[in-house]
Amino acid sequence: MKKRNMTRAIYTPTLVDVDGQRHIIPSKDELAYCGATGAQEAPHDHKARDLCLRCRQKYARGVLGIRLGDLGL
């Protein structure tokens with residue numbers, strides 16, 4: 001079986017808090033999904049392991065909700 005060469009990255013805008021942790025933000029001038037504040041950065045690919053766990057979970061729930069809604073579930 002051939003192994004997939006898929007990058008495990010999320011293309012999203014982030015902000016960096018004072019500790020250097022990256023957090024996902026839904027749009028410009030908003031708080032992160034986990035409520036953190038910090039300096040905003042433009043969207044680009046971020047490895048999932050470099051992002052805040054709580055933000056990743058809320059982001060994944062949002063994406064899943066959209067996809068299930070499109071299927072009528």
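Which residues does Asp-50 touch, not counting residues up to four places away in sequence? Asp-50 touches Gln-21 and Arg-22, where a contact means heavy atoms within 4.5 Å. Welcome to this structure, which is a predicted model: local features need pLDDT of at least 70, side-chain atom pairs count only at pLDDT 80 or more, and totals for chains, interfaces and linings use all residues. Residues are numbered from 1 along each chain as its sequence is written, and side-chain values use heavy atoms, with hydrogens and water left out.

**Overall layout**

- The protein has one helix and three strands, and the order along the sequence is β-β-β-α.
- Helices (H or I, at least four residues) and strands (E, at least two) are DSSP runs, numbered from the N terminus.
- Taken along the principal axes, the C-alpha atoms fill a box of roughly 45 × 35 × 20 Å.
- Of the 73 residues in the protein, 22% are buried; buried means under 20% relative accessible area, exposed means over 50%, and partly exposed is in between (1.4 Å probe, protein chains only).
- The protein exposes about 5800 Å², and carbon and sulfur atoms supply 53% of that area; accessible areas come from the Shrake-Rupley method with a 1.4 Å probe, and for residues only the protein chains shown count as cover.
- Among contacts between residues at least 6 apart in sequence, 51% join residues at least 24 apart.

**The nonpolar core**

- In soluble globular proteins, nonpolar side chains tend to be buried together.
- Here the largest nonpolar core has ten residues: Ile-10, Leu-15, Ile-24, Ile-25, Ala-32, Cys-34, Ala-36, Leu-51, Cys-52 and Cys-55.
- A nonpolar core is a set of buried Ala, Val, Leu, Ile, Met, Phe, Trp, Tyr and Cys residues joined through side-chain atoms within 4.5 Å.
- Ala-32, one of the core residues, touches Leu-15, His-23, Ile-24, Ile-25 and Cys-55, leaving aside residues up to four places away in sequence.

**His-46 in strand β3**

- His-46 sits in strand β3, which covers residues 39–47.
- His-46 counts as buried because its relative accessibility is 4%.
- A polar atom of the His-46 side chain lies 3.4 Å from the backbone oxygen of Thr-12.
- A polar contact is a pair of N or O atoms within 3.5 Å; within protein, one must be able to donate a hydrogen and the other to accept it, and residues adjacent in sequence count only if both atoms are side-chain atoms.
- Beyond residues up to four places away in sequence, His-46 touches Arg-8, Ala-9, Ile-10, Thr-12, Thr-14, Arg-22 and Leu-51.

**The salt bridge**

- A search of the whole structure finds one salt bridge, a term for a side-chain nitrogen of Lys or Arg within 4 Å of a carboxyl oxygen of Asp or Glu.
- Glu-41 forms a salt bridge with Arg-22, and the closest N and O atoms are 2.6 Å apart.
- Glu-41 lies in strand β3 and Arg-22 in strand β2, so the pair ties together parts that are 19 residues apart in sequence.
- Glu-41 is partly exposed at a relative accessible area of 31%, and Arg-22 is also partly exposed, at 23% relative accessibility.

**Two loop residues**

- Asp-29 lies in the loop between β2 (22–24) and β3, and it counts as exposed because its relative accessibility is 63%.
- The phi of Asp-29 is near 60 degrees, a positive value in a residue other than glycine.
- Asp-50 is in the loop between β3 and α1 (53–70), and at 40% relative accessibility Asp-50 counts as partly exposed.

**Helix α1 and the segment after it**

- Gly-62 is found in helix α1 and is partly exposed, with a relative accessible area of 34%.
- Leu-64, Leu-68, Leu-71 and Leu-73 make a nonpolar surface patch of about 450 Å².
- Patches are made of residues with over 30% relative accessible area and no salt bridge: like charges are joined within 9 Å, nonpolar side chains (Val, Leu, Ile, Met, Phe, Trp, Tyr) within 5 Å.
- Leu-71 lies in the segment after α1 and counts as exposed at 64% relative accessibility.
- Gly-72 is also found in the segment after α1, and Gly-72 and Ala-36 are 33 Å apart in space, C-alpha to C-alpha.
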